[in-house]
Amino acid sequence: MTADFLLALRDGELPHKIKWQTPPKEKDDHTYADKFRGSLLGLAVGDALGAHVEFRPHSYLQQNPVTGLAGGGTWSLEAGKWTDDTSMALCLAVSLIVHGGFYAYDQLVRYKWWYKSGYLSSTGRCFDIGSATKTSLETFHQRQRALANKLNINSEEKIDTLEEHVIVKEEFNTNCSYSGVAGNGALMRLAPIPLFFWRSNTKATQFAAKSALLTHGDKKAADACRYYALLICCAINGYSKEQLLNTHLHVDAWDAGWFGQERLHEEVIRVAEGSYQRSDGFEGGIKGKGYIISAMEAALWAFWSDEDKFENGVLRAINLGDDTDTTAAIYGQLAGACYGAKAIPRKWLDKLYAKDLITCLADWLKYKGSTSDSDGVKNQQATFPKKSTLCSLL
């Protein structure tokens, strides 16, 4: 990566103004690239489609169903612009790419930049944030200030760019939430984790849980992300839709050691065993709510019932009502990975805000994930410039 690209990713440039740079070309099947792009673009398209009716109830959407991109509504956005789901996913993607692995402190720093300064927002400001995420980021900021006082650091830039060995030495706690916090905010931004760790189902599930616990401390949040990360990883690696929806997949994954030593929460297992496979949909209890189990169930219902068409599924997710953009973003991550970017209607992609940057970051996730170190931690051999403090600690 060039210094200019890194500086743009650091300095709060509006996404559409960032001069994106493509990664080195690789000799592999273009199908992989299409799936990577599909997952990240699918997330953003779902978010943008549902943004203008966020918080509208099912009854309203029965009378006024969403059929395409529209502006106005809940946040008065232009058609094609997205909300917190995509902003946080891009923050996570950039952190993984720039550091060549999972660096929890840096992820929280970038989420804080978004919350405080509109970093990687489609409007240049944070206009939509869940209460759990907001509380966690305030907790993180307080812990940063305490650490700054301890280390006699009087610059926010310096405390934001601390090297990982300092964070480890100081035993800084990056889990800024607590048990009982199980909103869908951890799942809506998940895709970059399984995309980066696509070569290892075990690492994908491990780091999905770690990513969730930064802002959502309940085991159900961590385990929903572990299971959904596995599905995205499997989709990237060529599993058919039938295999992804196999109600025995979680058992096979446990037997293979992909979930490590800790079993999934019983509510996640209930979903994995097919609770979403209901032809009666909303009337049968499928709801697009903020609770992470309900959100995952609703997204999987949309995927299960979409007749192998992204357009069908994403609109079904939205028209459940309530947390419309997030249900659709969760659906889009998996459906996009399964069907590929080519399955997302061109009429939507053409209007999607900062589409080129999102595509570029998907390509970088694939490239950096393929070349990262074996431990999946911050790569000390990163290829980006190190000629200044700003660049070296991005």
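Let's start at N319, which sits in the loop between α17 (310-318) and α18 (324-339). A word on names: helices (H or I, at least four residues) are DSSP runs, numbered from the N terminus.

Before going on, the ground rules. This is a predicted model, where local features need pLDDT of at least 70 and side-chain atom pairs count only at pLDDT 80 or more, while totals for chains, interfaces and linings use all residues. Residues are numbered from 1 along each chain as its sequence is written, and side-chain values use heavy atoms, with hydrogens and water left out.

Back to N319. Is N319 buried or exposed? N319 counts as buried, because its relative accessibility is 15%. The scale is this: buried is under 20% relative accessible area, exposed is over 50%, and partly exposed is in between, with a 1.4 Å probe and protein chains only. What does N319 touch, beyond its neighbours within four places in sequence? The partners are H58, L61, P65 and V66. Contact here means heavy atoms within 4.5 Å. R56 is 263 residues away from N319 along the chain, yet their C-alpha atoms are separated by 9.3 Å.

The loop between α17 and α18 also holds D322. D322 has a positive phi, near 70 degrees, and is not a glycine. With a relative accessible area of 18%, D322 is buried.

Compare N152. That residue lies in the loop between α6 (131-151) and α7 (156-160). N152 is not a glycine either, and its phi is positive at about 60 degrees. But N152 counts as exposed, because its relative accessibility is 70%.

Now helix α16, residues 292-304. First, its length. The 13 residues of α16 should span 18 Å at 1.5 Å a residue, and the end C-alpha atoms are 18 Å apart, so the two agree. The expected span is 1.5 Å times one less than the number of residues.

α16 is mostly covered, with twelve of its 13 residues buried. Among them are I292, M296, E297 and W301. What do the buried residues of α16 pack against? Six helices: α9 (185-188), α12 (219-236), α13 (241-244), α15 (266-275), α17 and α18.

Take the α18 partner. The axes of α16 and α18 are 8 Å apart, and the packing angle is about 45 degrees. Axes are lines fitted to C-alpha atoms, for helices over the stretch in contact, and angles run from 0 to 180 degrees between N-to-C directions. The pair is therefore oblique. For reference, under 35 degrees is roughly parallel, over 145 roughly antiparallel, 65 to 115 roughly perpendicular, and the rest oblique. From α16, A295, A298, A299, L300, A302 and F303 meet T327, I330, Y331, L334, A335, C338 and Y339 of α18. By type, that contact has twelve nonpolar residues, one polar and no charged. Nonpolar covers Ala, Val, Leu, Ile, Met, Phe, Trp, Tyr, Cys and Pro; charged covers Asp, Glu, Lys and Arg; the others, Gly among them, are polar.

One more pair: α2 (residues 30-51) and α20 (residues 355-371). Their axes come within 9 Å and cross at roughly 130 degrees. α2 and α20 are therefore oblique to each other. On the α2 side, the contact includes Y32, F36, R37 and L40. On the α20 side, it includes K355, I358, D363 and K366. Which residue types make up this contact? Ten are nonpolar, one is polar and four are charged.

Conventions
Helix = DSSP H or I, 4+ residues; strand = E, 2+ residues; numbered from the N terminus.
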